[in-house]
Amino acid sequence: LSEGELLDYILRMQSEELEKTDYKKINQYMESLRNTIHAAKSVKDINHNIDELRESAKDQLHEFYHNLQEDWKIYRQELLDIVDISDPGLLMVKLSSLMNEAFDHQRKQNENIRSHLIKGSLEEVEASTLLNIERELISSKKSFVRSLAYLRLPFEKASEFEYFPENNS
């Protein structure tokens, strides 16, 4: 199914006479869906950049590619590890921790990129591309966390992740 088909289905469900709690749940599912789609789009938008890193003969760029792969593998596993947590309090803590780890990783990667630029081992265009990749990856990670929050937490708690402090690195 496409995003449009899913949204159309949800809108048709909302036009039926449902209990107020059902409407709230449907809206949460819509938020989860929107965030999941945003997460996927963020990665799709940099897919060609990631392919270029993978195929690069330049050691620094190839190293960044391997670091991205390893980081994503770790992030994915951490996200999967918390999917089935049923305790809302524990889930909040784990999602917050995952978000903070993602911000910390992005900050370290941005510092590393700037360091390589200063040393001259990266050109400005290469550094700009890498910073853009990091920006899109953090956007995707935030969206995945928000998606899981809307899927598994009460709306009031899930919406706290909409305003999770931004990392300004």
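**Exercise 1. Classify the residues that line the largest cavity, and state which helix gives the most to the lining.**

Solution. By class, the lining holds 3 nonpolar, 2 polar and 3 charged residues. Ala, Val, Leu, Ile, Met, Phe, Trp, Tyr, Cys and Pro count as nonpolar, Asp, Glu, Lys and Arg as charged, and the others, Gly among them, as polar. The model is predicted: local features need pLDDT of at least 70 and side-chain atom pairs pLDDT 80 or more, while totals for chains, interfaces and linings use all residues. Residues are numbered from 1 along each chain as its sequence is written, and side-chain values use heavy atoms, without hydrogens and water.

Next, list the lining: Asp71, Ala102, His105, Gln106, Glu134, Leu137, Ile138 and Lys141. A cavity is a set of points on a 1 Å grid over the protein atoms alone where a 1.4 Å probe fits but cannot get out, and lining residues have an atom within 4 Å of a point.

Then assign helices, which are DSSP runs of H or I with at least four residues, numbered from the N terminus. Helices α4 and α5 each supply at least two lining residues; α5 gives the most, with 4.

Last, the volume is about 30 Å³, taken as the space filled by probe spheres set on grid points joined across faces, edges and corners.

**Exercise 2. Which residues of α3 are buried, and what do they pack against?**

Solution. Helix α3 covers residues 59-82. Its buried residues (under 20% relative accessible area, 1.4 Å probe, protein chains only) are Leu61, Phe64, Tyr65, Leu68, Asp71, Tyr75, Leu79 and Ile82. They pack against α2 (20-55), α4 and α5 (124-152), where contact means heavy atoms within 4.5 Å. Asp71 also belongs to the lining of the largest cavity.

**Exercise 3. Describe the salt bridge between Lys108 and Asp104 and its surroundings.**

Solution. A salt bridge puts a side-chain nitrogen of Lys or Arg within 4 Å of a carboxyl oxygen of Asp or Glu. For Lys108 and Asp104 the N to O distance is 3.2 Å. The two residues are 4 apart in α4, so about one helical turn separates them. Salt bridges with shared partners join Asp104, Arg107, Lys108 and Glu111 into one network. An α-helix has 3.6 residues a turn, so residues three or four places apart point the same way.

For accessibility, partly exposed lies between the buried limit and the exposed one, over 50%. Lys108 is partly exposed at 45%, as is Asp104 at 29%. Phe103, also in α4, is buried at 7%.

Note on methods. Expected span 1.5 Å × (residues − 1). 1 Å grid on protein atoms, 1.4 Å probe; cavity = no way out; pocket = protein on both sides within 12 Å on 5 of 7 lines; lining within 4 Å.
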